[in-house]
Amino acid sequence: MTEKCGVVGVSLTERDAARPLYYSLYALQHRGQESAGIVTHDGFQQHSRVEMGLVGDVFDADDLSQLNGPTGIGHVRYPTSGGVNACCAQPFSVSFKSGSLGLAHNGNLVNAGEIRSELEGLGHAFTSNGDTEVIAHDLARNLLEEDLVRAVKRTMGRIHGSYALTIMHDETVLGVRDPEGNRPLCIGELDDGYVIASESAAIDVLDGELVRDVRPGELVVLEDDGSGFESYQLVERDDTAHCFFEHVYFARPDSVIDDGLVYEVRRNLGRELWAESGIETDVVMPVPDSGRSFASGYAEAANDDGADVEFAEGLMKNRYVGRTFIMPTQDERERAVRLKLNPIRSTVEGKTVTIIDDSIVRGTTSTQLVDLIREAGAEEVHVRIGAPPIVAPCYMGIDMASRDELIAADQSVDDIREHIGADSLSYLSIDAIAATLDRSRGDLCLGCVTGEYPYDIEGEQTDRDVTRPAVGGESAPADD
């Protein structure tokens with residue numbers, strides 16, 4: 001699985017925003033590797049560079065020198081709604097009668113097609129098939145009739161799904177988080193301005209201080225001179241729908257999301273994994289890199305309980321091999337696992353081993369890993385997973401397989417254990433996830449592990465009382 005996008009926006013007192021945006025995008029590169037973009041404003045006009053590729057490939061010193069102005073937004077993308085091509089790269093920019101607009105989006109709408117059809121009927125011309133352009137066109141239309149805050153509220157009343165947005169209207173930068181808070185977004189303070197970003201790691205790289213998370217349903221408007229920000233709580237819900245996989249896998253371990261350091265959350269999930277299904281083996285080893293925090297907490301909890309287990313690195317990762325799940329054929333994925341991970345024989349030979357990973361999607365990688373460890377001489381291979389079984393796809397902006405490809409969609413845990421060739425297999429429970437995150441199940445998005453979603457998605461069940469907005473005719477009026 002991959003997270004789809006990372007967003008950032010900055011407003012500074014005097015210096016140009018381009019380099020701070022560039023460094024922030026580097027810090028968010030794990031959230032998207034297909035394209036990168038920066039849009040700035042110098043008070044008179046907008047400047048933009050958006051291209052396919054990694055941050056370091058898209059921008060050079062000359063590019064940054066031409067992105068003038070103390071305010072701007074940036075984006076790194078892995079394709080969500082839309083294709084893998086330059087027309088869907090972000091930030092998306094549009095000029096209209098009321099000025100210029102730039103928009104960067106993390107998440108995925110489930111009613112973008114309905115809004116697109118309506119706007120096309122009103123004469124809007126689209127250049128991509130992505131949902132970000134739909135948000136931009138809808139917001140631009142509302143800005144013709146309303147001030148910035150009311151226009152954003154109108155658009156929020158029409159779009160349905162997951163979104164964390166950084167927006168630039170002329171030189172004004174703002175951030176918006178959907179009413180369920182599905183995707184993370186936070187505010188940071190710099191010596192000479194403020195920043196809004198998907199993760200606090202992007203604030204850290206600028207030597208800034210995390211102020212707080214953007215609240216679900218909140219609009220944050222940065223002052224154009226970098227002196228502060230204003231907050232508008234535009235929509236409120238009884239329950240949120242925070243994506244639990246941000247804590248399990250997607251976010252950087254050094255980021256703070258919803259008041260929790262991701263590294264410590266994962267260690268605590270590992271401790272819960274031991275409490276629920278621990279088995280004493282000679283060695284506990286992570287699948288690098290995503291399993292490391294879980295394995296550390298699991299081994300610590302095991303030894304606290306009197307077990308005598310060694311936490312050790314048993315797999316060496318080749319960091320110059322791409323993601324195995326995006327390779328087009330099963331044979332290529334299997335070969336890539338062997339290119340990517342090599343067992344350290346001295347760690348596992350003649351020993352019983354527990355492998356800790358964050359998830360099992362198709363089962364391909366887990367099968368290969370168990371085989372590798374056995375071939376290296378392990379006497380037993382047990383597998384523990386720091387999340388519940390993934391039984392359904394994600395519609396909220398995460399690249400996840402279809403039900404036909406998800407091994408847990410129609411197989412029991414014992415069936416999966418037999419498929420991957422492990423001596424035992426256990427997953428972490430949903431209740432343990434909720435307890436560790438200190439949230440009720442009703443405040444989390446658990447669609448991929450329950451098959452019930454916090455949004456009204458055609459053909460799927462919901463886990464709460466929710467109805468997608470009616471689209472058609474005039475926009476709903478903004479409330480005072």
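Me: Before we look at strand ends, what makes two strands a pair here?
Reply: Two strands pair if DSSP finds at least two bridges between them. Keep in mind that this is a predicted model. Strand S8 (residues 161–169) and strand S9 (residues 172–177) run antiparallel, and the number of bridges joining them is six.

Me: Which residue in S9 stands opposite His-169?
Reply: Strand S8 covers residues 161–169 and strand S9 covers residues 172–177. Across from His-169, the residue in S9 is Thr-172.

Me: Which strands are the edge strands of the open sheet?
Reply: The sheet has six strands with antiparallel pairing, in the order S6-S7-S8-S9-S13-S14. From one strand to the next, the twist averages 20 degrees. Two strands pair on one side only, and these edge strands are S6 (92–96) and S14 (229–233).

Me: At about what angle to S9 does helix H6 run?
Reply: Helix H6 (residues 148–156) lies across S8, S9, S13 (218–222) and S14. Its angle to S9 is about 30 degrees.

Me: How are H4 and H5 oriented to each other?
Reply: Two packed helices are described by the angle between their axes and the distance between the axes. The axes of H4 (residues 112–121) and H5 (residues 131–143) come within 10 Å and cross at roughly 50 degrees. The crossing is left-handed. By that angle, H4 and H5 are therefore oblique.

Me: How many residues in the contact of H4 with H5 are charged?
Reply: On the H4 side, the residues include Arg-116 and Glu-118, and on the H5 side they include Asp-131 and Arg-141. Four residues of the contact are nonpolar and one is polar, while the number of charged ones is five.

Methods:
Residues are numbered from 1 along each chain as its sequence is written. This is a predicted model: local features need pLDDT of at least 70, side-chain atom pairs count only at pLDDT 80 or more; totals for chains, interfaces and linings use all residues. Side-chain values use heavy atoms; hydrogens and water are left out. Helices (H or I, at least four residues) and strands (E, at least two) are DSSP runs, numbered from the N terminus. Axes are lines fitted to C-alpha atoms, for helices over the stretch in contact, and angles run from 0 to 180 degrees between N-to-C directions. Contact means heavy atoms within 4.5 Å. Angles under 35 degrees count as roughly parallel, over 145 as roughly antiparallel, 65 to 115 as roughly perpendicular and the rest as oblique. A crossing is left-handed if the near helix is turned anticlockwise from the far one by less than a right angle, and right-handed if clockwise. Ala, Val, Leu, Ile, Met, Phe, Trp, Tyr, Cys and Pro count as nonpolar, Asp, Glu, Lys and Arg as charged, and the others, Gly among them, as polar.
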